[in-house]
Amino acid sequence: MNKKKLHVKTGDTVKVLAGNERGKTGRIAAVDIQKQRVTIEGLNLVTKHSKPSAKNPQGGISKVEAPIHASNVALFDPKSGETVKVGRRTNSEGKSERYSKKTGEVI
């Protein structure tokens, strides 16, 4: 499959643009590049039912973070307090770097 880069990566602070969690911000815990989905800490919680097993003899119901499509999140700039679009350019060493299209600063 193609390895297309996403505009966000693990550790970024993002704002959710669509869905039940619209308007909330959080830190990205995991990124799935193939499915273009991101998991955000503490957001998009779903109920997971687990059967009793050797590891969890009681079983029960737990809340788990579900992934959100990457197109539904925008990078949040804590300095300005608003979302920014991300661009890519090569720096002087020839490496790719992400920058804010709003301010031109390297992210």
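This is a predicted model: local features need pLDDT of at least 70, side-chain atom pairs count only at pLDDT 80 or more; totals for chains, interfaces and linings use all residues.
Modeller: Residues are numbered from 1 along each chain as its sequence is written, and side-chain values use heavy atoms, with hydrogens and water left out.

Colleague: Why is the group of twelve residues called a nonpolar core?

Modeller: A nonpolar core is a set of buried Ala, Val, Leu, Ile, Met, Phe, Trp, Tyr and Cys residues joined through side-chain atoms within 4.5 Å; buried means under 20% relative accessible area, with a 1.4 Å probe and protein chains only. The largest such core comprises Val 8, Val 14, Val 16, Ile 28, Val 38, Ile 40, Leu 43, Ile 68, Val 73, Leu 75, Val 84 and Val 86. Strands S1 (13-16), S3 (37-40) and S7 (73-77) each give two or more residues to this core. A strand here is a DSSP run (E, at least two residues), numbered from the N terminus.

Colleague: What makes S1 and S7 a pair?

Modeller: Two strands pair if DSSP finds at least two bridges between them. Three bridges join S1 to S7, which run antiparallel, and Val 16 has Val 73 as its bridge partner in S7. S2 (residues 25-32) and S3 also qualify, with four antiparallel bridges; Ala 30 is partnered there by Thr 39.

Colleague: Why are S6 and S8 said to stand at the edges?

Modeller: The open sheet of six strands has the order S6-S3-S2-S1-S7-S8, with antiparallel pairing. S6 (68-69) and S8 (82-84) each have a single partner strand, so one side of each is left without a neighbour in the sheet. For S6, the pairing with S3 is antiparallel over two bridges, and Arg 37 stands opposite His 69.

Colleague: What makes the lining of the largest pocket divide into four nonpolar, one polar and six charged residues?

Modeller: A pocket is an open set of points on a 1 Å grid over the protein atoms alone where a 1.4 Å probe fits, with protein on both sides within 12 Å along at least five of seven lines; lining residues have an atom within 4 Å of a point. The lining consists of Lys 3, Lys 4, Lys 5, Leu 6, Val 8, Lys 9, Val 31, Ile 33, Arg 88, Ser 96 and Arg 98. Lys and Arg count as charged, and Leu, Val and Ile as nonpolar, so the division is six charged, four nonpolar and one polar.

How values were computed. Buried means under 20% relative accessible area, exposed over 50%, partly exposed in between (1.4 Å probe, protein chains only).
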